[in-house]
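Thanks for coming. I will take two residues from this model and then step back to the whole chain.

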Amino acid sequence: MKSDLFSNENMVQSAYAPGMSVQNAKSIKYAVNGEMLARQGAMIAYRGNLQFERKGQGVGGMLKRAVTGEGLPLMAVRGQGEAWFAHEAQNCFIVEIEPGDVFTVNGRNVLCFDASLSYEIKTVKGAGMTGGGLFNSVFTGQGNLGLVCDGNPLVIPVSPQLPVFVDTDAVVGWSAHLNTSLHRSQSFGSMIRGGSGEAVQLKLEGEGFVVVRPSELTPQKAQQH
């Protein structure tokens with residue numbers, strides 16, 4: 001049988017070492033030798049001797065329901081084998097977290113991560129009771145974190161001289177040493193739609209970076225997540 005489908009670009013190869021790698025722009029491969037964690041429903045294929053265990057919400061530091069409104073239940077993957085993860089054909093990226101790093105990320109962007117990472121749910125300081133990330137997942141330790149994003153994300157440096165303002169529905173994550181607060185401004189688009197004309201952004205100050213996706217979260221996608 002012949003087809004471009006069977007090109008080397010699409011054909012998976014056996015992993016040479018345990019851990020995660022980008023299979024292609026839309027999926028992450030994880031060579032499991034022990035345990036790893038992933039969002040439930042994200043596994044699209046696997047081979048080998050693997051067991052999958054659902055993890056509860058709100059217990060032992062699991063990603064709480066408040067993260068996305070619908071919650072982000074996790075599953076533990078144990079054993080030896082290979083598993084592939086993806087979510088709604090979104091683009092996939094791997095963040096290598098080293099000792100001393102602190103990275104806060106919206107739960108809807110978490111795909112999978114090493115069991116060696118520590119994580120907890122924290123309230124976004126200064127965010128009040130607003131949507132788009134009242135609670136975020138804070139990752140520390142040493143290991144890899146697999147993320148998904150609608151389109152190619154923007155990584156914007158933040159400095160004391162140049163704070164950054166981001167749409168609360170578009171923000172993916174940021175270096176957690178930044179100071180956060182809500183900023184209200186006039187929105188021309190909101191006025192055209194007959195709204196109050198007031199928009200709310202998350203203001204980030206300090207030294208670090210913020211990751212933003214090139215799209216807002218639509219009401220339909222908010223329900224799906």
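Start with S175, which is in strand β13, residues 171-175. Strands here are DSSP runs of E with at least two residues, helices are runs of H or I with at least four, and both are numbered from the N terminus. This is a predicted model: local features need pLDDT of at least 70, side-chain atom pairs count only at pLDDT 80 or more, and totals for chains, interfaces and linings use all residues. Residues are numbered from 1 along each chain as its sequence is written, and side-chain values use heavy atoms, with hydrogens and water left out.

Is S175 buried or exposed? S175 counts as buried, because its relative accessibility is 11%; the cut-offs are under 20% relative accessible area for buried, over 50% for exposed, and partly exposed in between, with a 1.4 Å probe and protein chains only. Leaving aside residues up to four places away in sequence, S175 touches V102, F103, E207, G208 and F209, where contact means heavy atoms within 4.5 Å. With F209, the side chain of S175 reaches the backbone nitrogen at 3.0 Å.

Next, V200, in strand β15, residues 198-205. V200 is partly exposed, because its relative accessible area is 26%. Its contacts, again not counting residues up to four places away in sequence, are T168, L182, H183 and R184. For L182, 18 residues apart from V200 along the chain, the C-alpha separation is 6.7 Å.

Now the whole chain. The protein chain has two helices and 16 strands. Of its 225 residues, 42% are buried. Among contacts with a separation of 6 or more, 76% are between residues 24 or more positions apart.

Technical notes:
Polar contact = N/O pair within 3.5 Å; in protein donor to acceptor, adjacent residues only side chain to side chain.
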